[in-house]
Amino acid sequence: MTRECAVLLPGVCAALADPRQPGLDDTCLEKLLDWFRSLTWFDPTVELVQDNPCLTELLTSVLALPEPSPSILSFTLQLAGILASAESRFQHLQQEKLLGRLFGQEGPRGGAAWEDASVRSAWLKGVHSMLHHLPALHCLCSTGGMDVIFTLQGDPSLFVASAASQLLVHVLTFSLEPETSKALSTKDCDWPVCAQMIAKHIKESLQSSSASHIEQSLKLLSSLFGSCFGSCYAAWTEVLWLDIAKQIESFLLEETVQAQPLLANLLLNVARSPAFCGTEGSFWALVTSALEHLTPVQAGPLAVGLLKLCKCPQDVRIQALTVLLQPMDCILRAASQPLECAGLLDESVSDPATVESLLSSKTSCAGLLCQTLAHLEKLLSLKHLRVDLPCVSLLHSLMTILQFCNGFLSPTSPLGSTISRNLINCFRVQKSALDVLAALSEKKDCDSLIGSLFDVLLAYLQSPNTSPTVLKKTFQATSKWLVHLQELSSSNSQWQQTEKILEDVLVVLQKRLCSPCWEVRDSSLEFLTSMVKCLRDQKEFRQCLLSSEVLRLTENLLEDPESYVRASAVTAVGHLALITCFAPDSPVIGNQYNKESIVAKLQEILSTDSEGFPRRAVISIFTKWLREGCTGQREATEQFVSRVIQTVEHDLDWEVRLGGLELVEVFCSQTICQLSQCPYAPVSSAATSSTPQNELLQVFCRAKLFGFLFGSLCDCDKPVGQRACDVLVGLRGHFYPMSTLENPQEVEDSPAGRGIAWLQRTLRQGSVAQNFPTDGDVGVDFQDPESMMLALGAIDLLELHDELNKSSDHVEESPQSLLQDILATVGTIEDNEVDCY
């Protein structure tokens, strides 16, 4: 603690203990506690409380208050726990008889203040902070503290109940810490007292007739096995599990027990423990039993969790996969048509009638399918799945679900008819099924169904009943499968099927681009952009696209009344230009698609559009064109960049200005590459006067980069200033090796020196500098190569970089400032009261 803080602390403690003072803001109290946590973390000695007696006086004063406010009492309990976290300070506070009065039976837990949830929560937090040494643990066990924690497990406040559960996990792991080596050598060693109390409490609660007690213990067990207890104390894990396994098994068999939903999470956390790495033993038999006896909704999370475990026995893994596939298998069989493939499963883990019943119910059908589909999407995203998914059958099942949902399939079986009625126009299931469908596009063994698949997708794209959100998902799935189709066509020359599908998709796209719904137009443009990104190198795709009306309709949407659509149209037009205008082999088409026309339209949007989204899209597209070398020869590119930044530097949207700086950065790196013999390498001082370096400076000055960059350093939006500084630091690194920076005194004596000195002073003002001049009126010519070379070498850009990267609260974010603020707040309130009186 600094001397200044030690001087201020007694006044703060006195104010906190004064009942006449209004309560301080909770944020101030939390910051104060954070400060004490950092103090005690770095200094575990008793001197902190001995050298600052005001701390113990604060605890005593609050205890002496007849009715302390809940916020001050909560602060005091947490502060005491923090101070008692070191054994020496704990003993000191024990000698002062403070800890018993705060955390013991005579403390707040026996009074009216205990009715406030914040006080109960603070008591638990204080005990948690204190439990870092054995004397505190023994004190807790001997003063009835464990019973209090057990009671608070069932507290009506969820925050308190959660804190109690976390504290019990901490108590058990901490109490077993000294015993770990013994436990590793024998499973019969005695549990420490605190651990015994917790284990006994868990066992009694599980055998209780109270559903809430059973639920609390199952949640506690899940936390225990899911915490460090499960990973660091394998032997103890096994001891505890063997003690409760029979009871857990009985819950599985008693189907009426309300605790069943919690069992899946508990078993999964136990399965992750190193204690059950082997493939033998009763535990995995219990897991198998759970997969059989839990309902499909309860068993789903357990099944998908087991499939992610690398140590799960293969037979259990197959059963878990079967649980997830059972609803999909039921869907296939309910369709009752001549199937192109067999069902998903040869046999079921649990009674198929249970799944059929859930799918037959209007209330449970969509929920079960959405959960199942979400789990399957997770599995498909895994790089290494240790079971084989029947992808063809799964794809067939997904197509069946989607056909049920849009009414395009009329099953003859009673079950199929019921499921179809339950799913008709069910957006939730449609979106989930399309997500899994998109994920399946990565698999290579679904090619036999690709024609039927596109029939289903096209039906959704064409249907007027497809909602905008489902249409967006359909576009995303279609885009992924089109990429797969192109790969397939390339390998087996099935161009006719591919061409037909592409033509059908583009016909639908033309219709959707004219939709009265702006969300549909927006999704259509996003889909078009995605297609162009993925397929622009395919000759057949380009031919289909250029022979359609898509280009004309897309360009029309640059004038759409909705700004989101205009932004998406800008992006689509920008990517289409890579095919229509900039590709070396692009065919000659209408004049409206020539390069100059497209560039002019986008520049007009950048300078005149009233919304930020389209302007951001334009600057992003311009940067992409520049990166891909689409802006012409160096002179044309220089003029292009100059026009863009002169527009961007006055834009009111900081993201547009930031985009302009990214454009400048790309231009600088490309120009340096073109004009320097060794790209990006700093040059020696002898080379600074060479032609390439002069030419570089002349290019940058003609493009008016420096006025934009130096002006951006004073931008009121910090990210803009930071990016500009990064670009300038990079440029200085190229023009100046670190050892050859300009001498500040020599610079000031030069003809341009006064201007450079002014520039340095202005930049130090940062965003306070108003109307940053770039026209040379102040003696700085931002288009003069010699002056700019001087500026790069003389101005301390690294100092500016550090200033720009400081957080906004760096000035007054300190413990001393916090203490001063608290005292000032108290004093201000007193003055106001006196004035009013």
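Reader: How many disulfides does the count come to in this structure?
Author: The model is predicted, so that local features need pLDDT of at least 70 and side-chain atom pairs count only at pLDDT 80 or more, while totals for chains, interfaces and linings use all residues. Residues are numbered from 1 along each chain as its sequence is written, and side-chain values use heavy atoms, with hydrogens and water left out. A disulfide is a pair of cysteine sulfur atoms within 2.5 Å. By this rule the count is one disulfide.

Reader: Which cysteines form the disulfide, and how far apart are their sulfur atoms?
Author: The link has 110° about the S-S bond and is right-handed. The partners are cysteine 141 and cysteine 194, and the distance between their sulfur atoms is 2.0 Å.

Reader: How many residues apart are cysteine 141 and cysteine 194?
Author: Helices are DSSP runs of H or I with at least four residues, strands are runs of E with at least two, and both are numbered from the N terminus. Cysteine 141 lies in helix 9 (residues 134-142) and cysteine 194 in helix 13 (residues 193-206). The pair links distant parts of the chain, and its members are 53 residues apart.

Reader: Is cysteine 141 buried or exposed?
Author: Buried means under 20% relative accessible area, exposed means over 50%, and partly exposed lies in between (1.4 Å probe, protein chains only). Cysteine 194 is buried, and cysteine 141 is likewise buried.

Reader: Which cysteine sulfur is nearest to that of cysteine 13?
Author: Cysteine 13 counts as buried, at 5% relative accessibility. Cysteine 13 is in no disulfide, and at 3.9 Å the nearest cysteine sulfur is that of cysteine 54.

Reader: How many aromatic pairs does the count come to?
Author: Rings of Phe, Tyr and Trp (its six-membered ring) pair if their centres lie within 6.5 Å; planes under 30 degrees apart count as stacked, over 60 as edge-to-face and the rest as tilted. By this rule the count is 15 aromatic pairs.

Reader: Why is the pair of phenylalanine 225 and tryptophan 241 classed as it is?
Author: The ring centres of phenylalanine 225 and tryptophan 241 are 6.2 Å apart. Their planes stand at 80°, so the pair is edge-to-face.

Reader: What is the phi of lysine 97?
Author: Most residues other than glycine have a negative phi. Lysine 97 is in the loop between helix 6 (87-95) and helix 7 (99-103), and is exposed with a relative accessible area of 61%. Its phi is positive, in a residue other than glycine, and is near 60°.

Reader: Where is asparagine 425 found?
Author: The phi of asparagine 425 is also positive, near 60°. Asparagine 425 is partly exposed, with a relative accessible area of 45%. Its place is the loop between helix 24 (414-423) and helix 25 (427-440).
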